[in-house]
Amino acid sequence: MNRLSHIIDLDMYSVEEWNMIISTAMEIKKDPSKYSERCKGKIMATLFYEPSTRTQMSFQSAMIRLGGSIIGFDNPSNSSVSKGETIGDTAKIVSTYSDILVMRNPSEGSVKAAALHSDCPVINAGDGGHFHPTQTLTDLLTLTIEKGGLNGLKIGLCGDLKYGRTVHSLLKALSRYKDNEFILISTNELGLPGYIKDVLNARGCTYKEVNTIDEVISELDVLYMTRIQKERFASEEEYNRQKDVYILDTRKMRSAKKDMIVMHPLPRVDEISVEVDKDPRAKYFEQAGNGVYVRMALILCVLEGKLSTPELIKGKALNDISCKNPKCITHKEPHLPHYFRVAGDIAECEFCDERTLLD
Ligand code: NCD
């Protein structure tokens, strides 16, 4: 199996490696023009099977600012995907046309499946409701700039904690820094999945779950708002029951600390009213802008060999067990080996992290 610096989940790397990416991004932000030739002659492919504005364009802008070139698609119906090509075959071929591959796909674990077949490093730009590691790097850079560091923060995460991949990756990352406390603000239906809570518990993190912004906003250093992920719901009725529950407005902001910051990965629907944009504590547009610098730093670190080359699969193939998660790539592409990490009587899917109890 190939050993390349794929970025599927940030947990594949050490905190020191993340900090290196963040400090490189801070350097780049001071004077991006100094880096304009660093990726001359390199090609990045962006394969987006799901809509995107910020992630796709900031990756493309980052590569162009580094002097490299871009190829790719954002409408898979125009590519051989529409003819039934597997994600592995697409990745295998495109990796021979490029030096780095960036992929977004609606199936959970899909980008890891692509990486297993790719001859160049693959970056996860969002795999369904699972992970979004490069948004997390953007968030870590923003927190470093705005709050001066990544330790000792009280962070409220609000909205769709069930399907919100940005929240999953961010919580996993912040749980590896010191003394952070998390307040999970959601309806009971859209609470954090078990596999992320397990990570928080295993790392001894302090967190509590509440249903309203009002009861906690005055305690927070950071409020991370998210959109209800309409496209992940089984039906329109289910989505309609959840939408419009959380709206951050100027009345609520009055109870917040003077130095609390508001973040949001964007796009927003109506969960932050536009009047909040004028509040100096609203940092979501700066956050989106930081995405370019952090992606420049990430591309540089990957292409210049500054990161380790972790193993993609740690467990083994148990092909008679099927992953319980219907959104897992192993159901869409049944030829994939069913890789699981086994601990006691629990088998954890290596693609989507869903846990299955073994008999
Ligand atoms: C997020 C995503 O795609 O997960 N957007 C982004 O990448 N900035 C958040 C969202 O779609 O709600």
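**View 1. A salt bridge joins Arg 3 and Glu 311, with 3.7 Å between the closest N and O atoms.** A salt bridge is a side-chain nitrogen of Lys or Arg within 4 Å of a carboxyl oxygen of Asp or Glu. The partners lie 308 residues apart, Arg 3 in the segment before α1 and Glu 311 in the loop between α10 and β10 (316–317). Arg 3 is partly exposed, at a relative accessible area of 46%, as is Glu 311 at 44%; partly exposed lies between buried (under 20%) and exposed (over 50%), with a 1.4 Å probe and protein chains only. The model is predicted: local features need pLDDT of at least 70 and side-chain atom pairs pLDDT 80 or more, whereas totals for chains, interfaces and linings use all residues. Residues are numbered from 1 along each chain as its sequence is written, and side-chain values use heavy atoms, without hydrogens and water.

**View 2. Asp 259 and Lys 147 meet in a salt bridge of 4.0 Å, N to O.** Asp 259 lies in the loop between α9 (250–253) and β9 (261–263), and Lys 147 in helix α5, 112 residues apart. Helices (H or I, at least four residues) and strands (E, at least two) are DSSP runs, numbered from the N terminus. Asp 259 is partly exposed at 46% relative accessibility, and Lys 147 at 21%.

**View 3. Glu 236 and Lys 230 form a salt bridge, the closest N and O atoms being 3.9 Å apart.** Glu 236 is partly exposed at 47% relative accessibility, and Lys 230 at 41%.

**View 4. A network of salt bridges links Lys 112, Asp 198, Arg 341, Glu 348, Glu 350, Asp 353 and Arg 355.** The structure holds 30 salt bridges.
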